[in-house]
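Dear colleague,

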Amino acid sequence: MSADGIKVELRDGIRILTLANPPLNELAPGLRDSLMQAIADRGPDCRGIVLAAEGPNFAGHLPLSPDPAAPTLAELCRTVAECPVPVVAVLKGLVIGPGAELALAARARLGAPGLKLAFAEVTLGLCSAGGTTQRLPRLIGAGAALRLLLSGRAVPASEALALGLIDGITEMAPIAAAARLAGALAVGDILRRAEPDAAAWAKAVREAREGSAARGVAGQRIVDCVEAALVLPPENAQEFESVARADLEQTDDAKGLCAAARAERRAQALPPVLARLQALSVDRIGLVGLAPDLARIAVVALSRELSVTWSFPDALGREAGLAAVEAGIEEGRRDGNLSPDRAHAMRDRLLVTEMPLARTALPFLVSDHPLPEPGDDVQPGAARLVIGGQEGEMGLALSLAGRVCEVALSPDSLPLARATALAGLRRMGLVPLLVGHRPVIGARMADAGRTALAWMVGRGVPQRMIAAALEEFGVRLPDPVSIEVPKVLRAMSAGEILNRWLSALANEGARLLDEGIARRPSDIDYLMVAGYSFPRRRGGPMHQADRRGLMVLRHDLRAWGAEAALWSPARLIDRLIRDGASLASLDG
């Protein structure tokens, strides 16, 4: 028997409820309702219930928008927790957010070896919604619970077992094992969980509160909810958590963090036509030229256990390139990311040559200059990327920070070559962001920001005032602006400093969209957050423009555009205002 997103089966008095909405088994309202109905309709012969899931994950979807639809997650979790017969959850793959809360409401949990369990709401500026701030401290202790809730980190199966989050690890026949456990629990409480220590609970809350300010408003409210779970009756504690969640959903931090997460999901989704292709296997890459970015690519590829063949035009270039790679390896050793043995292995996998590679059989090649047409020796579907790149080439640009990169895929190239380019970059640990024409979004956005700051310094705004305004927003001032400072200094409010900088970024982003270089406003936000140190909790410059309002943005741009072309309003902003649309409406 099946219902909306759920399959129902009865085995020897044990009702098996299987989430059937893979791969992430999102706990949407329809599925929540089906689960509650299946529990209510269990029948008099049902001795226990097993919650399982199809696909690789138990429930790995973390919602990025408020979900007040009935039945709520809290109602579902309460139904599971108060079920008259024992409920055992079979966990596998990713168990995050609502899925983790549902699992926690069960009487017992069994996990697969590859399990990753996370209460990750804090990463979105939120607290839990299904009663986790009550159940988790009672299960594993308030101190351990607060550490998980305030970090949002994923816990592997072995640690989950040690903490008491799960009651066993099963590799073979997990549903049968869960059914046996449910049957045993129906006879007696074989788990014998200890009662929480109220004094230890209160002490953990006090200690967590001392450091909660650094975790933002969400961290403070999570601590409040855990404290409420100690001192209030369960129904009042649940209401306290629900109100805290509703309040947090309206904060700027939560809206910015959710916008950043949405942008990341969109940017990392591959085009369906490329996702279906079997890309060439990339275990060795070729590099041609002298560009500094080639050294960065060499280091990340070597660190991911790929072999690298680098062709240099001359001895001086070889010396500089090898020195840059060695500096990258040593930086990894100093940071503790590379052991001496691993660093030695990286050096051994680097082959240096002065022979041309343009016509070799390597499946993945990156050059700092245009390459000749491939010959017969080049594999069909091999990826050939050019740093920067001109229109019609596969262009590549690395971001300043992080491991995100821009990739312009020429429509003239073979689909298999495009798939291999993306797969090779992912194999190296670089996250590719698809852009149009040329990969220049990061460079142009960063230049717009620097130009705005330089204009303010050149007009006499003290750099310390600029640094303070950006720091309050969460941004460190880039290297001091090298520009002649006038003798007469000019006062400017922190608000105007910040808005001039943000407006310059949003205006340049609108131009990139108009030119077809950026595909979506959210792609610009993702790149700026992941690759150029824009504060994640602020969402990105395009998100900030929508938050201020495009009418307000255009008003400021028109006023400042008379002072510098940087702020002359992009035509896209006029069109969006005319159509009553927002930048976010272009994300699709």
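At what angle do helix 21 and helix 22 pack, and how far apart are their axes? Please keep in mind throughout that this is a predicted model. In it, helix 21, which covers residues 541–548, packs against helix 22, residues 550–561, at an angle of about 100°, and their axes are 6 Å apart. Because angles from 65 to 115 degrees count as roughly perpendicular, the two helices are described as roughly perpendicular to each other. On the side of helix 21 the contact is made by Ala545, Asp546 and Arg548, while helix 22 contributes Leu550, Val552, Leu553 and Asp556.

Helix 21 also holds Gln544, which counts as buried, since its relative accessibility is 16% and the cut-off for buried is under 20%. If its neighbours within four places in sequence are left aside, Gln544 is in contact with Phe473, Leu502, Phe534 and Arg538.

Another buried residue is Ala446, with a relative accessible area of 15%, and its place is in helix 17, residues 441–458. Although Ala446 and Leu505 are 59 residues apart along the chain, their C-alpha atoms are separated by 8.0 Å.

Turning to the surface, Val231, Leu232 and Phe240 form a nonpolar patch there, which has about 240 Å² of accessible area together. Of these residues, Leu232 lies in the loop between helix 9 (216–231) and helix 10 (234–249), and Leu232 is partly exposed, with a relative accessible area of 32%.

Notes. Residues numbered from 1 in each chain as written. Predicted model: local features only at pLDDT ≥ 70, side-chain atom pairs only at ≥ 80, totals over all residues. Heavy atoms only, no water. Patch = residues over 30% accessible without salt bridge, like charges linked within 9 Å, V, L, I, M, F, W, Y side chains within 5 Å. Areas by Shrake-Rupley, 256 points an atom, 1.4 Å probe, with all protein chains shown as cover. Salt bridge = Lys/Arg side-chain N within 4 Å of Asp/Glu carboxyl O. Helix = DSSP H or I, 4+ residues; strand = E, 2+ residues; numbered from the N terminus. Buried < 20%, exposed > 50% of the residue type's maximum accessible area, 1.4 Å probe, protein only. Axes fitted to C-alpha atoms, helices over the stretch in contact; angles between N-to-C directions. Parallel < 35°, antiparallel > 145°, perpendicular 65-115°, else oblique. Contact = heavy atoms within 4.5 Å.
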